[in-house]
Amino acid sequence: MVVRRRDFLQMAGVTATAGFASGCAVRNDKVSATPSAARAGSLAAASPTHVSLNLVAPRISWERVIRTTVGLRPHRDSGFVLKAEKFGEKTVIHDYGFGGAGMSLAWGCGAMAADMALEHNDRKAAVLGCGSPGLTAARQLQRRGFEVTIYAMSVPPDTTSNMSYAGFTPTTALIANEHRTPAWDVQFRRAAEISYRQLQLLAGAPGWGVYWIDSFNATDELNEQRPSEREDDLLPESMRPERDREVFGPGEHPFPTQYAVRTSSLAIEPSIYLDKLVADFLLFGGKIVIRKFDTPRDLTSIPEFLVVNCTGLGSKTLFNDNELVPIKGQLTLCIPQPEVRYRAFGRLRNSTVAASISPRSDGIVVGNMMERDNWSLDPNPDVRQQNMDAAIQFFAVMRARSGRVAPLDRTGELVPRSQPFAYIRPA
Ligand SMILES: Cc1cc2nc3c(=O)[nH]c(=O)nc-3n(C[C@H](O)[C@H](O)[C@H](O)COP(=O)(O)OP(=O)(O)OC[C@H]3O[C@@H](n4cnc5c(N)ncnc54)[C@H](O)[C@@H]3O)c2cc1C
């Protein structure tokens with residue numbers, strides 16, 4: 001669901017009261033004394049008319065939890081592998097190792113792998129793997145005229161890609177900065193640009209589950225919002241989220257922090273998106289064969305001489321890539337709330353754990369985690385508890401403004417019911 005600033009402003013009306021109970025709209029409140037939201041990252045941009053956010057608070061509670069999912073991000077300290085290798089008569093084009101960026105970079109690396117395949121005489125290709133990298137590589141091959149068969153031991157909904165949070169996060173858990181090389185950086189930028197363009201074209205297209213959404217980082221420290229030097233350097237200018245950065249000051253947003261920083265995010269609903277990729281692949285004549293490969297020798301049993309390897313973590317044993325390491329991720333999902341149309345991330349002052357929500361049609365995603373070298377696919381109950389506790393507390397404060405629940409003050413303490421709730425405006 002797209003909620004754009006422009007749309008907000010078209011919906012805006014002049015009103016004196018600020019409420020956060022329903023809808024997702026912005027009000028143009030006439031306020032004379034309060035400092036205005038600082039637009040485009042500048043706090044100096046004070047104006048007598050400012051815009052307040054009216055966001056539906058998510059209902060996060062244990063009773064609304066519907067599942068917890070785990071996935072293992074296929075990380076390599078030196079980044080993804082995109083190169084061709086010969087195994088006897090077979091040419092294998094590797095396309096794997098995307099860490100926390102495999103939903104973001106797949107179209108681009110798939111296009112580059114397919115361009116490498118064009119250098120080969122054959123127009124029949126095998127793709128190993130049926131997650132986001134495998135399916136997009138297969139579509140890129142089909143677009144270039146290849147007849148493609150996907151071989152995989154698991155297909156959606158049973159891939160790591162289905163367990164993804166699935167934002168456009170092209171640099172997340174992707175590479176250790178000190179391992180970057182100029183050649184890899186060039187591959188990365190090209191992959192990121194192709195992917196970003198492709199996902200933009202799918203955004204809002206029926207049946208794809210790709211869309212733009214506002215993301216709010218609720219914070220007391222505006223300096224925390226500055227992008228890291230690494231991202232500044234690696235990520236092309238056009239993809240930096242802070243390009244479209246808007247700061248809402250005290251009193252202008254419903255979060256229990258001083259500021260709320262809005263950026264625009266490109267997001268994917270993994271189950272819808274991957275099913276659509278499978279459907280498109282089949283529509284263009286693709287075949288899917290369920291099978292496992294144990295060693296490169298197993299490739300002799302398939303007819304194709306051209307193979308694109310998108311097995312992710314599977315390449316550790318299959319192609320003996322010892323650099324691959326899992327980074328375990330875990331998401332908890334609550335019953336969907338279609339009226340919540342923004343992502344939010346923030347932390348109460350007395351909390352060590354950040355709260356986050358991301359609304360999808362299959363549930364409101366709560367929390368996330370990154371644990372290197374943990375191969376367990378079992379949910380970690382302590383992480384689930386921490387993520388849920390943080391989200392319940394944080395969003396209860398936000399929700400309290402609607403007067404529907406017992407309020408907490410901005411440090412997370414319960415305010416006695418006899419006391420009317422009032423937003424505690426930071427000094
Ligand atoms: C919690 C979490 C949050 C994430 N958030 C994001 C995000 O916001 N944005 C983003 O871009 N990315 C995100 N990711 C990362 C993204 O999900 C992964 O990078 C991506 O899914 C990896 O895809 P893959 O093809 O390597 O793995 P998979 O999707 O699992 O696909 C691998 C395929 O290879 C097959 N295979 C493996 N070994 C063999 C074998 N020996 N023989 C036959 N078949 C084999 C598997 O069966 C499967 O079909 C997240 C991941 C997690 C877990």
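**Strands**

I began with strand E15 (residues 355-360), which runs antiparallel to E16 and is joined to E16 by four bridges. I am working on a predicted model, where local features need pLDDT of at least 70, side-chain atom pairs count only at pLDDT 80 or more, and totals for chains, interfaces and linings use all residues. Numbering starts from 1 along each chain as its sequence is written.

I noted the terms. Strands (E, at least two residues) and helices (H or I, at least four) are DSSP runs, numbered from the N terminus. Two strands pair if DSSP finds at least two bridges between them.

I looked at the turn next: a hairpin of two residues joins E15 to E16. Arginine 360 stands opposite glycine 363 in E16.

Then I checked E13, which pairs with E16 (residues 363-366) in the antiparallel sense over three bridges. Threonine 332 has valine 366 in E16 as its bridge partner.

**Helices**

I turned to H2 (residues 106-118) and H4 (residues 182-202), which pack at about 115 degrees with axes 6 Å apart. Axes are lines fitted to C-alpha atoms, for helices over the stretch in contact, and angles run from 0 to 180 degrees between N-to-C directions. Residues in contact (C-beta atoms, placed from the backbone, within 7 Å) include Trp107 in H2 and Arg190 in H4.

How values were computed: Contact = placed C-beta atoms within 7 Å.
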